[in-house]
Amino acid sequence: MDFSKIYQSKVVTAEEAVNKIQSHQRVFLSGNCSTPKLLLSALVNNAKNLENVEICQALTVGPADYVSPEMEGHLRVNTMFISANVRKAVQEGRADFTPVLLSEFPLLFKNKILPLDAALVHVSPPDEHGFCSFGIECGLTKSPAESARIISAEVNR
């Protein structure tokens, strides 16, 4: 079977992808300019069906509905760097801050200090050989993606 058939068999909607995430799981969220916005939005929309899902992230930019007061008890962020969009949630005790050296960030997941159940990542479309790129966020996304049991990837065309 060539990779394009395998690829097409794995394509699902963002809603279907996040439905694999269950209560009490730890999820990595790719960040910076590579935040998978459709997957994150679908997770927020499904949050009422979840309890105590921990989202580990380095740094995100943009809207942060996933740290709003309504998410309490459903989604909780553990951020390794405090960006403006999650700062208030950390200050109010609705999100956690775990300071980590950038060089040690990948080791948290690789060495199972923070074992991952799932990873929400952002990738390029596959090339002619079936390979995708994590793009500008590859340094912080590769290790969590290799460590998670479930990987949901948003393809950026």
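What we have here is a predicted model, in which local features need a pLDDT of at least 70 and side-chain atom pairs count only at pLDDT 80 or more, while totals for chains, interfaces and linings use all residues. Residues are numbered from 1 along each chain as its sequence is written, and side-chain values use heavy atoms, with hydrogens and water left out.

Let me start with the charged pairs. Side chains of opposite charge can pair when their charged atoms come close. The rule used here calls it a salt bridge when a side-chain nitrogen of Lys or Arg is within 4 Å of a carboxyl oxygen of Asp or Glu, and by this rule the count comes to six.

One of these joins aspartate 117 to arginine 149, with 3.2 Å between the closest N and O atoms. This pair links distant parts of the chain, 32 residues apart, since aspartate 117 sits in the loop between α5 (105-110) and β5 (118-123), and arginine 149 in the loop between α6 (138-147) and β6 (150-155). Which of the two partners is buried, and which is exposed? Aspartate 117 is buried, at 18% relative accessible area, whereas arginine 149 is exposed, at 59%.

Another salt bridge pairs glutamate 54 with arginine 26, the closest N and O atoms being 2.9 Å apart. Here too distant parts of the chain are linked, glutamate 54 lying in strand β2 (residues 53-57) and arginine 26 in strand β1, 28 residues apart. Arginine 26 is buried, with a relative accessible area of 19%.

Glutamate 92 is partly exposed, at 45%, and arginine 94 is buried, at 14%.

Finally, let me turn to the backbone. Histidine 24, in the loop between α2 (14-18) and β1 (26-29), has a positive phi of about 65 degrees although it is not a glycine, and this histidine 24 is exposed, at 54%. Asparagine 32, in the loop between β1 and α3 (37-46), also has a positive phi, near 50 degrees, and is partly exposed, at 24%.

Methods:
Helix = DSSP H or I, 4+ residues; strand = E, 2+ residues; numbered from the N terminus. Buried < 20%, exposed > 50% of the residue type's maximum accessible area, 1.4 Å probe, protein only.
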